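Reader: I would like to learn how to read a model of this kind, feature by feature. Could you take me through one?

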Amino acid sequence: MASSVVKLVCLVVVAMAMAAPVAKALTCGQVSKSIGPCINYLKSGGAVPAACCNGIRSLNSAAKTTVDRRAACKCLQSASSSIKGIDQNLAAGLPRKCGVNVPYKISPSTNCNRYI
């Protein structure tokens, strides 16, 4: 009898695990939407727009897991290489200007798989 109860509990646990939603990483679309208001600043400097900092804070809040942080890092690197005129020094300092602590260097050379 006890062995039947243990088997039933195991089956229920397995069924619950299989029915749980699969976590998905942040998409580049979500990352682009968050940083979109920052593009002009990243090209020409000046005052950081409030919408930019709101996007940076939103992205930081959304990137809770290692998978999310790595996905965001890779998307940011891709965007950085595809958008002409981005000042990498401005990009590196942007989280700090927006009050966000990022424990790694913001750079196209950052190894997203190693440091995040």
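Reader: What does the accessible surface of the chain come to, and what percentage of it belongs to carbon and sulfur atoms?

Author: Accessible areas come from the Shrake-Rupley method with a 1.4 Å probe, and for residues only the protein chains shown count as cover. Here the accessible surface of the chain is about 7700 Å², and 61% of it belongs to carbon and sulfur atoms. This is a predicted model, in which local features need pLDDT of at least 70 and side-chain atom pairs count only at pLDDT 80 or more, while totals for chains, interfaces and linings use all residues. Residues are numbered from 1 along each chain as its sequence is written, and side-chain values use heavy atoms, with hydrogens and water left out.

Reader: How many helices and strands does the chain have?

Author: Helices (H or I, at least four residues) and strands (E, at least two) are DSSP runs, numbered from the N terminus. By that reading the chain has seven helices and zero strands.

Reader: Which residues of α2 are buried?

Author: Buried means under 20% relative accessible area, exposed over 50%, and partly exposed in between, with a 1.4 Å probe and protein chains only. In α2 the buried residues are V31, S34 and I35. Seen down the axis of α2, they fall within an arc of 85° (taken from the directions from the helix axis to the C-beta atoms), so they line one face of the helix. With contact meaning heavy atoms within 4.5 Å, the buried residues of α2 pack against α3, α4 and α5.

Reader: Which residues touch the most other members of the largest nonpolar core?

Author: A nonpolar core is a set of buried Ala, Val, Leu, Ile, Met, Phe, Trp, Tyr and Cys residues joined through side-chain atoms within 4.5 Å. The largest one has 20 residues, of which C38, L42, I56, L59 and L94 touch the most other members. The helix that gives the most to this core is α4, with four residues.

Reader: How many disulfides does a search of the whole structure find?

Author: A disulfide is a pair of cysteine sulfur atoms within 2.5 Å, and the search finds four. One of them is formed by C38 and C52, with sulfur atoms 2.0 Å apart. C38 lies in the loop between α2 and α3 and C52 in helix α4, so this pair ties together parts that are 14 residues apart in sequence. The torsion about their S-S bond is about 105°, so the disulfide is right-handed. The link of C53 and C98, by contrast, is left-handed, with -75° about the S-S bond.
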